[in-house]
Structures are given as structure tokens and as C-alpha cells.
There are 2 protein chains.
Amino acid sequence: MVQFVHPSIEDITLTGVLGALADPMRLRIVGNMIKKNDCMSCSEAAPCPNMAKSTLSHHFRILREAGIIRTGKVGVTNRNVLRYDDINKRFPGLLDEILKFAD
Amino acid sequence: MVQFVHPSIEDITLTGVLGALADPMRLRIVGNMIKKNDCMSCSEAAPCPNMAKSTLSHHFRILREAGIIRTGKVGVTNRNVLRYDDINKRFPGLLDEILKFAD
DNA sequence: TCAATAGTTCAATTATATTGAACTATTGAA
DNA sequence: TTCAATAGTTCAATATAATTGAACTATTGA
């Protein structure tokens, strides 16, 4: 059984958040998630269809370990949710300010 | 003679800026520069004294190529300036929002 | 029971970061 | 004018991180 690692709010770091969002693919994943305002599977949130699923899995892990998303497994699919409130508690306004400029 | 590369405002990218600031050392360099509100040499802005100068030089190049600082040479020292207005023209408010959370 | 689905993990390759050593350009003093 | 000191850059080597195909795991539905 896979156990997902999620940092607590106080363990979310600024450089961790910036580093996680510094990749175009991950920025698009997060952009997709905030637009949908709902949980998404990894393949739903995938930034491009031709990406290896191991790479996609890697990107979700980076986002997860930076504290940006929370992942749970329901059946065979992952349910990924943006930790919007947690990030805003830690760094108020930061996420919106960054995503404002993400195409 | 060393020629420094500086992107034009429209070539500054969001992921470039985020990636440049995603490193604790570079974040401290930029934090130091905004506090001083003046140009600084590389060693003045150095985030810690025990860092190899080749590493420091590398970090300044990342910041430069991301469009965050402008470097000129005066005599034997570099004069590094934060491209505050340029970044604000490209991504209004972003830099302040990020630096607000940098210790 | 068994194939399909949605991912994870592993191993290999590739790319990026870090550092010491050698190099360059400028200054200031003898 | 020479020459050592200064402030970096560049290079080469190593260490760390990203990408991907292949094999694996767990769950569902026929």
C-alpha cells in the first residue's frame, strides 16, 4: 500500500513552494487544479498528454512534498486537491499572486 | 573582457523568476539587495562567508539570466542592481509578495 | 479469474549544482 | 613600470536532481 507524505502547514517552506512552482509543467498542473476548484486525478491534471506517467508521478510527488497538493487514493485513481487554505495560512496571498501570472 | 547577459523585460519568465528565487542562497542575496536599496558587489551580497566564490558567481549568473539583477563591472568589482522596476513592469507586485515571506 | 486501469518504483541516462584550481582584468603601491 | 592583491570568471571533476521505459502493485469490472 502506498502511503503519501504531506508536510504540516508549518513545515511548508517558501523556497519549497517556489521550487515546486518553478517548473512549467507543475505550474500548469496547479493552474488546472485552481481552475477546476475540485480534486483531480493525476491524468486529469496532466499538463500534456505525451508526458511519461513516471514523470507525471514525479511531478505530483514534488508538489505533494512541497505542501501544495494533498493526495489520497480512492479505488484505482488518485484524488489530488490543492492545499489552498493551508498555503494561504502559511503564506497569505502568495499563491494567488503567482498564479495570477501563470498563463 | 566579460560581457554579461541580461534578458529584456518581455523575456523575463515567471518560471525563470520563481526558479531563481527558489534557492535559499539566491533568495538571501535578493533580500540583501532590496534591504540595501543600492548596488552591491558579489561579495557584499554573499549569503554566507564560507561559500566558494565560483558557486557565488554561479548564483549571480542565475539571477542575472532570470532578469532579476543587472550586473556591470566598475574597476575590479561587479555592481549588481536589483531590476526592481523591470520585474514590476513584467509581474506587478510579485517580487514584493515573495520577499515579504523571505526571513 | 483475469484483463484493464491508474498509478508507483526501479534503474539507467541525462541535466544541473557545487567546488577547487587556474585564469583574467583592474587597481594601488614600491 | 612592474608586481602583488583583489574580485571575480571559466574550466573540469564530482555530486545531486530530472526524465523515461520497464516492471510492479492495487483496484475495479466483466
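By the rule used here, the count comes to eight salt bridges over all chains, a salt bridge being a side-chain nitrogen of Lys or Arg within 4 Å of a carboxyl oxygen of Asp or Glu. Before going on, note that this is a predicted model, in which local features need pLDDT of at least 70 and side-chain atom pairs count only at pLDDT 80 or more, while totals for chains, interfaces and linings use all residues. As for bookkeeping, residues are numbered from 1 along each chain as its sequence is written, chains are lettered from A and ligands numbered from 1 in the order in which they are written, and side-chain values use heavy atoms, with hydrogens and water left out.

### Charged pairs

Side chains of opposite charge can pair when their charged atoms come close.

| Salt bridge | Closest N and O atoms |
|---|---|
| Arg70(A) with Asp86(A) | 3.3 Å |
| Arg83(A) with Asp86(A) | 2.9 Å |
| Glu65(B) with Arg61(B) | 3.6 Å |

The two chain A pairs belong together: Arg70(A), Arg83(A) and Asp86(A) are linked in a network of salt bridges. Arg70(A) forms its bridge to Asp86(A) with the closest N and O atoms 3.3 Å apart. That pair links distant parts of the chain, with Arg70(A) in strand S1 (residues 69-74) and Asp86(A) in helix H4 (residues 84-90) of chain A, 16 residues apart. Helices (H or I, at least four residues) and strands (E, at least two) are DSSP runs, numbered from the N terminus.

The cut-offs are under 20% relative accessible area for buried, over 50% for exposed, and partly exposed in between (1.4 Å probe, protein chains only).

Over in chain B, Glu65(B) and Arg61(B) are four residues apart in helix H3, so about one helical turn separates them. Glu65(B) is partly exposed at 44%, and Arg61(B) is partly exposed at 42%.

Glu65(A) sits in helix H3 of chain A and counts as partly exposed because its relative accessibility is 42%. Leaving aside neighbours within four places in sequence, Glu65(A) is in contact with Val5(A) and Pro7(A), where contact means heavy atoms within 4.5 Å. Its C-alpha is 9.5 Å from that of Val17(A), a residue 48 places away in sequence.

### The nonpolar core

The largest nonpolar core has 60 residues. A core here is a set of buried Ala, Val, Leu, Ile, Met, Phe, Trp, Tyr and Cys residues joined through side-chain atoms within 4.5 Å. Residues with the most contacts inside this core include Leu21(A), Ile98(A), Leu21(B) and Ile98(B).

Ile98(A) is in helix H5 of chain A and counts as buried because its relative accessibility is 0%. Beyond its sequence neighbours within four places, Ile98(A) is in contact with Leu18(A), Leu21(A), Leu27(A), Leu14(B), Leu18(B) and Leu94(B).

With the same exclusion of neighbours within four places, Leu21(B) is in contact with Thr15(A), Leu18(A), Leu27(B), Val30(B), Ile68(B), Leu95(B) and Ile98(B).

### Where the chains meet

The contact takes 18 residues from chain B and 18 residues from chain A. Together the chains bury about 1,400 Å², 81% of it on carbon and sulfur atoms; buried area is the accessible area (1.4 Å probe) that two parts lose on being put together, summed over both. In chain B, Thr15(B), Leu18(B) and Phe101(B) lose the most area to chain A, together 38% of what that side buries.

What about charge pairing across the contact? There are zero salt bridges between chain B and chain A.

### Two loop residues

Asn37(A) lies in the loop between H2 and H3 of chain A, and its phi is near 55°, a positive value in a residue other than glycine. Asn37(A) counts as exposed because its relative accessibility is 70%. In chain B, Asn37(B) is found in the loop between H2 and H3, with phi near 55°. Asn37(B) counts as exposed at 69% relative accessibility.
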